[in-house]
Amino acid sequence: MRSNMLDAVLASRTGARRGRSLDRVWAAMTPFERGYVERQVAAQRAAGVRCTLIGGTEPLFYSGPLADAGTRVLAVIGQRDGSGDAVRLAERAARSAATAGVTVLSGDGEGPERAALAAAVQAGGLAITVLAEGFGPHGATSPSWVRHPVRLVSVTPCGPCQPWSMDTALARNATIAGLCTAMVVINPAGSGAVLDAAMRALAAGRPVLAVGQTPGAHLLVDYGAVPATDEIELAWWLHTRVGTRPRAPRPTPVPASQSHHLSDTA
């Protein structure tokens with residue numbers, strides 16, 4: 001009950017109401033319970049936590065300049081502890097998006113997701129990490145792997161201090177799919193959170209690029225995602241769907257012996 005009321009009070013500070021039933025619940029609380037909720041709200045707001053309503057009813061808690069996200073948001077997600085190639089592709093996608101003024105969004109898993117967020121921030125862009133648990137008593141903490149936390153926004157659909165659970169993980173996936181305008185999925189497995197978020201994005205009509213030859217990637221393509229197998233196809237899709245500028249391939253260095261031979265025959 002207190003968690004629900006805390007959600008409602010924070011949401012009401014944005015000028016939105018969540019229904020008369022919550023008013024009745026609030027009226028039925030003792031002065032001690034009301035004081036507890038109000039103190040928790042004050043602590044969260046002092047720590048920089050804000051609340052907005054998504055879909056008109058559901059509260060979304062955030063810390064950071066969420067209003068700066070703009071209208072183009074690229075989600076870059078991948079399996080936790082992904083391979084070096086997966087991390088490189090995630091960084092490439094995030095860096096290209098950030099330099100084009102596109103906000104990069106991801107989860108907080110190790111590997112491709114954290115790499116994408118860090119690459120976007122380092123490129124001077126704005127990054128959004130979506131959590132599957134609530135902010136603690138002192139609000140959102142800045143991850144140690146981000147050098148410029150001022151350009152990282154933390155959001156969560158979970159109430160303050162709410163621990164991770166399967167339900168919160170599903171809520172995080174739905175938030176990722178709902179906030180992005182396009183999505184890059186790197187080497188998704190045949191089941192799990194990454195595949196779930198991508199399927200939700202497809203169901204919401206978002207353009208999805210499935211990178212790799214994994215069972216999850218093939219399944220996403222069957223449901224309407226665009227396939228990609230390498231960095232060139234990734235760059236082209238980002239250009240056509242997200243508006244990034246494709247970079248010319250780097251020239252292959254010519255060995256000194258061959259260079260001398262070419263100059264002699266020129």
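The model is a predicted one, so local features need pLDDT of at least 70 and side-chain atom pairs count only at pLDDT 80 or more, while totals for chains, interfaces and linings use all residues. Residues are numbered from 1 along each chain as its sequence is written, and side-chain values use heavy atoms, with hydrogens and water left out.

Back to R88. This arginine pairs with E231 in a salt bridge, the closest N and O atoms lying 2.5 Å apart; the term stands for a side-chain nitrogen of Lys or Arg within 4 Å of a carboxyl oxygen of Asp or Glu. The pair ties together distant parts of the chain, 143 residues apart, with R88 in helix α4 and E231 in helix α9 (residues 231–242). Helices here are DSSP runs of H or I with at least four residues, strands are E runs of at least two, and both are numbered from the N terminus. E231 is also partly exposed, at 28% relative accessibility.

R88 has another partner in D85, with 3.7 Å between the closest N and O atoms of that salt bridge. D85 and R88 share helix α4 (residues 84–99) and are three residues apart, about one turn of the helix. Put together, D85, R88, R92 and E231 form a linked network of salt bridges. The overall count by this rule is five salt bridges.

Helix α7 (residues 193–203) has a pair of its own: R200 and D196, four residues apart or about one turn. Their side chains meet in a salt bridge at 2.8 Å, N to O. Both are partly exposed, R200 at 32% relative accessibility and D196 at 22%.

S106 is buried, with a relative accessible area of 0%. Neighbours within four places in sequence aside, the contacts of S106 include V76, I77, L117, V130 and I176, contact being heavy atoms within 4.5 Å. The C-alpha atoms of S106 and I77 are 5.7 Å apart, although 29 residues separate the two along the chain.

M166, by contrast, is exposed at 56% relative accessible area, and belongs to helix α6 (residues 166–179). W164, M166 and L170 make a nonpolar surface patch of about 340 Å². Patches take residues with over 30% relative accessible area and no salt bridge, joining like charges within 9 Å and nonpolar side chains (Val, Leu, Ile, Met, Phe, Trp, Tyr) within 5 Å; accessible areas come from the Shrake-Rupley method with a 1.4 Å probe, and for residues only the protein chains shown count as cover.

Methods:
Buried < 20%, exposed > 50% of the residue type's maximum accessible area, 1.4 Å probe, protein only.
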